[in-house]
Amino acid sequence: MKIIKAKITKYRNLENLTIKLSKSNAICGKNAIGKTNVLEAIYWCLTDKHLNLTSVGAEDYKIGDQDAIAVKVELDNGTTIERVNAPTYVKGKLQATTQHLWINGEERPKKTGDVEIDNILGTLKLDTPKGIDLKQFLINPLYITLCDKEALYKLITKELDMSDVKIVKQDKRAELFINYVNGGDVATSYKKLTDDIKKINTELKNLQSVRTFLDIWKVEKDKTWEQLSVIADTNIVNAAQMLAERETIKISAQKYFEAQRVLMNKEVHKVFGEDVDWKFIEENQKDDSYSLVCYPLVKGKKTKLANGSTSEKILTGISVITNYLKHHKDLEALPLIFDEGETLDHESLEKVVANSQVKNQIITSIVRDEYKEMEIIKL
Ligand SMILES: Nc1ncnc2c1ncn2[C@@H]1O[C@H](COP(=O)(O)OP(=O)(O)OP(=O)(O)O)[C@@H](O)[C@H]1O
Ligand SMILES: [Mg+2]
């Protein structure tokens, strides 16, 4: 599905602008000319959100103007969608806003209108996990860096039809870890384990002679526990032995998570293609969300998505979206809208495009100081 025309009225610095769009579009112009505003306006019309997921607000009304924002897009199947945000000012201050939606020239109540847009775009077809807006996921390549990571993980594992059981069976080390708490899920087990270790550490710290004992332990590390218990307080030996055991389990747990990640990646590649690798966020090992949070990496560069360049983020997003669409052939390729196209690493883009056969229309922006007026060029 393509957007063939967009009419933007009174959105930020844009007074009245009509643009025609083709398959690949880069909106060019010097800084502060309004390129981002064009993209934001189009994205808002389709999703009722900004590209950074915030809502349209007072800052989007044209400064010095008290008129409504209106954005109308025309799709290549003849559908028109028009979204209007009308402000009410009292003594020059914004008091309230009202939104109106027109689909094919007929006004709809906002709620049903938004559902109808989802229907038109095909994004109502799938039962997506809570926290993921499939429409935003399929339009905005940067969405995966902004959306709820737990929901993203759920979406991925749902697509892959994976379960912990399947993974546990394939890794014997995990048994030790799971047995530690006699069942339960991985996150709870991990939390219990880390809590216990914390508790034992405190116990050891509180034991008067612990320092002496640990010094002996260091020197006599070849001695068996029985021999050690002769030369040290039994309580300390027991506690230290328990600690050592727990640490073994902790190492197993870490190995288990790594094995889980490797296996998950194999499955991920089936759905999302080999351009994208997934890694659990290490910082979350400490809390119980370890197994629920992950981030994608651009394969080949191994840059953490959270810290990656805009280019890497966009490329990862495009790769994820296009590979997802391959898996859901009944879903239409929607326009990909992203800012700062000039940051794109074109060599990688070509690879991603070649590997995933990107069918989507692309609407992006590129800074070009030599342009006095905004202009649309082919990417
Ligand atoms: N509510 C508003 N009313 C009028 N003008 C606004 C409003 N909000 C922002 N602007 C103006 O919009 C311009 C910024 O537009 P935009 O961010 O789309 O530019 P850009 O072409 O993307 O620039 P860059 O190349 O720096 O990314 C600025 O001149 C800013 O003052
Ligand atoms: Mg910009």
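**Ground rules**

I'm working with a predicted model, where local features need pLDDT of at least 70, side-chain atom pairs count only at pLDDT 80 or more, and totals for chains, interfaces and linings use all residues. Residues are numbered from 1 along each chain as its sequence is written, while chains are lettered from A and ligands numbered from 1 in the order in which they are written.

**Entry 1**

I started with the open sheet of six strands, which has the order 2-1-4-5-6-7 and antiparallel pairing. Strands here are DSSP runs of E with at least two residues, helices are runs of H or I with at least four, and both are numbered from the N terminus. I take two strands as paired if DSSP finds at least two bridges between them. Strand 2 and strand 7 (106–108) are the edges, each pairing on one side only. From one strand to the next the twist averages 15°. For angles I use lines fitted to C-alpha atoms, for helices over the stretch in contact, and values run from 0 to 180 degrees between N-to-C directions.

Next I checked what packs on this sheet. Helix 1 touches strand 1, strand 2, strand 4 and strand 5 (80–90), and its direction makes about 75° with that of strand 4. Helix 2 (residues 110–121) touches strand 5, strand 6 (93–103) and strand 7, at about 45° to strand 6. Contact means C-beta atoms, placed from the backbone, within 7 Å.

**Entry 1: strand 1 and its partners**

I then went through strand 1 (residues 3–11). With strand 4 (residues 69–75) there are six bridges in the antiparallel sense, and T9 sits opposite A70. Strand 2 (residues 14–20) is also joined to strand 1 by six bridges, again antiparallel. On that side I found K7 opposite T18 and Y11 opposite L14. Strands 1 and 2 make a hairpin with two residues between them, and R12 in the turn has a positive phi of about 50°.

**Entry 3**

Strand 3 (residues 24–29) runs antiparallel to strand 13 and is joined to it by three bridges; I27 has I376 as its bridge partner.

**Entry 2: helix 1**

Is the helix enclosed or open? Twelve of its 13 residues are buried, so helix 1 is largely enclosed by the rest of the structure. Buried means 20 or more other C-beta atoms within 10 Å of the residue's own, with C-beta atoms placed from the backbone. The buried set includes K35, E40 and W44.

**Entry 3: around ligand 1**

I counted 17 residues around ligand 1, the closest being N13, K35, T36, N37 and I63; the cut-off is a backbone-placed C-beta atom within 6 Å of the ligand. Helix 1 gives the largest share of this shell, three residues. By class I get five nonpolar, seven polar and five charged residues. Nonpolar covers Ala, Val, Leu, Ile, Met, Phe, Trp, Tyr, Cys and Pro, charged covers Asp, Glu, Lys and Arg, and the others, Gly among them, count as polar.

Notes:
Contact = placed C-beta atoms within 7 Å.
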